[in-house]
Amino acid sequence: MALLTGGCACGAIRYEAQAVPLDAGWCHCRICQRISGAPAQPWALFAVETFGYVKGEPRVYHSSSFGERRFCGDCGASIEFRLRESASEISINIGTLDDPSLVPPRKHIWTRSQVSWFATADDLPTFLEYEPEKDG
């Protein structure tokens with residue numbers, strides 16, 4: 001079983017993910033752009049039961065009618081996204097991992113909102129929304 005560790009910039013929040021990510025990618029949605037302050041947010045998806053906070057408690061921000069973000073109340077680092085109800089998966093912001101190079105992105109999602117001046121230089125699959133089935 002893999003063990004990935006990470007936390008916020010100031011060290012008040014620490015977490016462990018005890019599994020290989022189910023998926024990973026770049027999100028180009030407007031909420032991720034605003035939360036990260038960047039044109040895209042790299043994320044890694046884990047089953048919620050394989051993830052846990054081992055130090056500190058993050059604050060919760062209800063970012064949409066269906067989702068919530070968790071972040072450090074001290075330094076403001078954005079840690080994760082999950083559904084507000086019945087979350088079975090959790091998306092960790094890859095930049096908060098102790099070694100982000102261990103989880104390379106596999107795709108780009110929500111490219112419908114991609115910033116016009118932000119061109120990606122990879123050959124990863126792209127999807128207008130999240131679910132590949134909807135994009136054909």
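**Salt bridges and nonpolar cores**

In the predicted model, the side chains of Arg-82 and Glu-80 meet in a salt bridge, with a nitrogen-to-oxygen distance of 2.9 Å. Both Arg-82 and Glu-80 are buried. A salt bridge is also formed by Glu-68 and Arg-70, whose closest N and O atoms are 2.6 Å apart; Glu-68 and Arg-70 are both buried as well. These four residues, Glu-68, Arg-70, Glu-80 and Arg-82, are linked in a network of salt bridges. In total, the structure holds 7 salt bridges.

Another of these pairs consists of Glu-129 and Arg-112, in which the closest N and O atoms lie 3.1 Å apart. Both residues are located in the loop between strand S10 (108–109) and helix H2 (132–135), so the pair ties together parts that are 17 residues apart in sequence. Arg-112 is exposed, its relative accessible area being 52%.

The nonpolar residues were examined next. The largest nonpolar core comprises 17 residues, and those with the most contacts inside it are Phe-46 and Val-103. At least two residues of this core are supplied by each of strand S2 (14–17), strand S4 (41–47) and strand S9 (89–93). When neighbours within four places in sequence are left aside, Phe-46 is in contact with Leu-4, Ala-17, Ala-19, Val-20, Pro-21, Leu-22, Ser-88, Glu-89, Ile-90 and Ile-92.

Terms used. Residues numbered from 1 in each chain as written. Predicted model: local features only at pLDDT ≥ 70, side-chain atom pairs only at ≥ 80, totals over all residues. Heavy atoms only, no water. Core = buried A, V, L, I, M, F, W, Y, C linked by side-chain atoms within 4.5 Å. Buried < 20%, exposed > 50% of the residue type's maximum accessible area, 1.4 Å probe, protein only. Helix = DSSP H or I, 4+ residues; strand = E, 2+ residues; numbered from the N terminus. Contact = heavy atoms within 4.5 Å.
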